[in-house]
Every structure is written in C-alpha cells, then in structure tokens.
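User: Hi! Could you walk me through the inside of this one?
Analyst: Happy to, here it is.

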Amino acid sequence: MWGRHTLLAALCIVLPSALPAPAAEPVGQAVVIRTEVTGQGGPIEVNTSVHRDERIRTSQSGLGQFLFRDGTKLAVGWGSSVVIDKYVFDDSQSVKKLTIKAAKGTFRWVSGNSQSSAYQILTPAGTIGVRGTAFDFYVGQDGTTAVVLLNGAASFCGPGGCRQLQQRCDCVVAKPNGAMSPARRVDPSVLDTLGNPRALPFLSGSQRLAGGIGMLGGCNMATVAPERKDRLRPPPAIAPAPQRQDPPQRQAEPQKERPSKPDKPHHHHDRPHHDKPDRPDKHDGHGRHDNDGKPGNHGEDHRGHDRDHHGHRDHNHDHDHDNDRNHDRDRNFNRGR
C-alpha cells in the first residue's frame with residue numbers, strides 16, 4: 001500500500017516539471033527587416049512577433065525596425081544585440097514597465113503612449129532615462145556608450161553621476177569605468193571618440209530608416225560624412241562639360257551664314273561693267289552717223305558739241321566753210337543735186 005502511495009506522490013512531482021513551459025507573450029512585431037535579423041526562434045521576418053526576454057541580433061549589414069504594443073518604436077542597426085528584458089502590460093494602449101538591455105550596436109528609440117517613467121534602457125556604461133522622447137544611442141565593444149537627443153528630453157546616469165540632455169542634438173559619451181563627458185552638441189568628432197566611423201549610422205546616413213522614425217535624423221552629421229564628400233566632388237567635374245559644348249554652337253552660327261555665299265554670284269553685277277564699253281560704242285555710233293552725213297539734229301548738236309569741245313576741229317571746219325564759199329565747184333555740185 002505504501003509503495004503505491006509513494007509511487008503516486010512521485011508521479012505528481014515529476015509530471016508538472018515535464019510539461020512544456022508556457023510560450024512568452026508577444027510584446028510587438030517587426031515592421032522592417034533588411035539583410036539578416038534573428039531572434040530566439042531563428043530569422044525574423046516582417047510581421048514576425050517579438051516576445052519578452054527575446055534577444056534580437058543583426059548582421060553586420062542588418063537592420064530591424066520594431067513596433068511595440070504601446071506604440072514605442074525601436075530601430076536596431078547593424079552588428080547589434082539587444083534583449084527585451086521586461087514588459088509589463090498596463091492595458092492595450094500602454095505598459096507599466098518596458099526595459100531593454102543593449103549589449104552592443106546602434107539604436108534609435110521613439111517613445112510610445114506609456115508614461116515616461118515606464119521606460120528604461122540599460123547599457124554597460126549606465127542607464128538611459130526616457131522622458132517622452134526620441135534619441136539615438138550606440139554601445140561599443142568595450143561598453144562605451146553615446147546618447148544623442150533628437151526630441152524631448154533624456155538623462156544618462158552611470159557610476160560617475162548623471163547628465164541631462166535637454167536640447168536637440170545634445171550628446172553624452174560615457175564609459176563603464178564612470179568617465180562621462182558633459183552634454184554638448186554632437187559633431188563628427190564623436191565618431192573619433194567612439195573609435196568607430198560606423199557608429200550612429202542613422203545620423204550619418206550610412207543606414208536609412210523607413211517611415212516617420214527616419215525623419216528625425218540629421219544634427220549636421222550627414223553633411224560631413226566622408227561618403228557625402230565623395231558624392232559632392234563629381235558635380236564640379238561635370239559642370240565644365242556644357243561649357244566645352246558652347247564653342248561648337250558658336251561655330252555653328254557662321255555655318256548658317258554660308259547660304260549667303262551664293263550671293264557672290266552677284267559678280268553678275270560685273271556684267272554691266274562689261275557692258276559699259278557698249279555705251280561708248282553707242283556714243284561712237286552717233287559720231288559715225290553724223291560723219292555719214294545723214295541729216296539729224298542730234299548729230300549736228302553732237303558735232304557742234306565736239307566742235308566746242310575740241311578747238312582745232314572747229315578751226316578746220318570754219319576753214320572748210322570758207323573754201324565752200326570761195327569755190328564754184330561746190331556750188332555746181334549743189335545745183336547738180
């Protein structure tokens with residue numbers, strides 16, 4: 001009898017432990033996946049649910065954007081690892097507690113509908129306190145952490161104290177040993193401080209985010225990124241090209257005037273010049289007509305003109321008239337006619 005009771009008691013103890021553990025409750029879903037993003041159950045795809053206590057990893061070119069149930073948005077950039085540590089529901093529109101642990105990589109956070117005190121982000125160098133805000137943060141391999149405020153306000157507290165970020169583009173860099181920079185406006189030199197030119201890729205433009213979460217960037221980081229400088233160099237090289245094309249267009253204009261060259265046959269105007277010798281012929285003709293002795297006032301007038309113009313002819317002609325008057329031969333000739 002006791003043996004049977006002992007056996008039953010043992011079964012009651014063993015069976016509950018053999019039952020599968022209840023599945024973790026989903027807290028959000030993936031809305032954008034690029035390249036390779038993995039979770040606890042393997043590769044994560046768009047619309048795949050993410051759960052509490054799940055670790056999310058991205059490849060060196062991976063990107064994942066996630067939307068939590070309360071409207072909080074989290075972007076996980078390349079080479080990152082983060083765990084959804086705590087997620088306590090308040091109701092369908094908010095949570096009592098949302099805590100994530102960022103081990104390494106680059107991230108963008110945009111708060112949802114829950115109270116600011118409900119959010120907490122843990123890094124190796126300290127804790128980011130959220131005050132209804134948006135910001136980028138980066139965690140290096142050695143735990144060095146940088147936070148850049150994009151909207152609202154935030155705080156960073158570590159072994160060395162706390163820093164308040166209150167103005168857009170304020171930046172704080174902290175190390176696990178407690179060293180922490182004052183809050184100041186971010187600039188490209190922060191990449192040298194972090195020892196990684198790929199840090200903060202959402203600000204530099206190295207990685208592009210989709211939707212409204214991608215419209216927060218800037219802080220003048222993208223305009224000075226080396227890739228941007230290279231892209232701006234080609235336009236000056238292209239600009240001279242149209243100028244080189246201008247001279248051929250100007251040379252084309254004289255070619256349009258070439259049709260006017262047929263006007264050169266206007267040398268036909270030379271024909272009148274060749275005809276000009278005909279005019280003296282006509283003049284000489286009148287002279288011949290008068291010399292033939294044919295009647296005509298024109299010939300007489302012209303001959304008279306010649307007499308006036310050439311004095312020696314007038315003298316000879318007068319002498320001939322004297323001879324006509326003195327010789328009867330001419331009178332007999334006239335009578336014979």
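User: Let's start with tryptophan 109: buried or exposed?
Analyst: Keep in mind that this is a predicted model. Tryptophan 109 has a relative accessible area of 0%, so with the buried limit at under 20%, Trp109 counts as buried.

User: How many aromatic pairs does the structure hold?
Analyst: There are five aromatic pairs. In one of them, the rings of tryptophan 109 and tyrosine 119 have centres 5.3 Å apart and planes at 75°, so this pair is edge-to-face. Tryptophan 109 sits in strand β9 and tyrosine 119 in strand β10 (residues 119–123), ten residues apart, so to speak a link between distant parts of the chain.

User: And tyrosine 119, buried or exposed?
Analyst: Buried, at 4% relative accessibility.

User: What about phenylalanine 135 and phenylalanine 137?
Analyst: They form a tilted pair, 5.9 Å centre to centre with 50° between the planes. Phenylalanine 135 is buried at 0% relative accessible area, and phenylalanine 137 is buried at 0% too.

User: Nice. Switching topic: how many residues are in the largest nonpolar core?
Analyst: It has 35 residues, and those with the most contacts inside it include Ile56, Trp109 and Phe135. Strand β9 (residues 94–110) gives the largest share, six residues.

User: Which residues does isoleucine 56 touch?
Analyst: Setting aside neighbours within four places in sequence, its contacts include Val37, Ile44, Phe66 and Val82.

User: Last one: what lies over the face of tryptophan 78?
Analyst: Arginine 198 does, at 3.6 Å from the ring centre.

Terms used: Residues numbered from 1 in each chain as written. Predicted model: local features only at pLDDT ≥ 70, side-chain atom pairs only at ≥ 80, totals over all residues. Heavy atoms only, no water. Core = buried A, V, L, I, M, F, W, Y, C linked by side-chain atoms within 4.5 Å. Buried < 20%, exposed > 50% of the residue type's maximum accessible area, 1.4 Å probe, protein only. Helix = DSSP H or I, 4+ residues; strand = E, 2+ residues; numbered from the N terminus. Contact = heavy atoms within 4.5 Å. Phe/Tyr/Trp six-rings, centres within 6.5 Å; stacked < 30°, edge-to-face > 60°. Lys NZ or Arg CZ within 6 Å of the ring centre and 35° of its normal.
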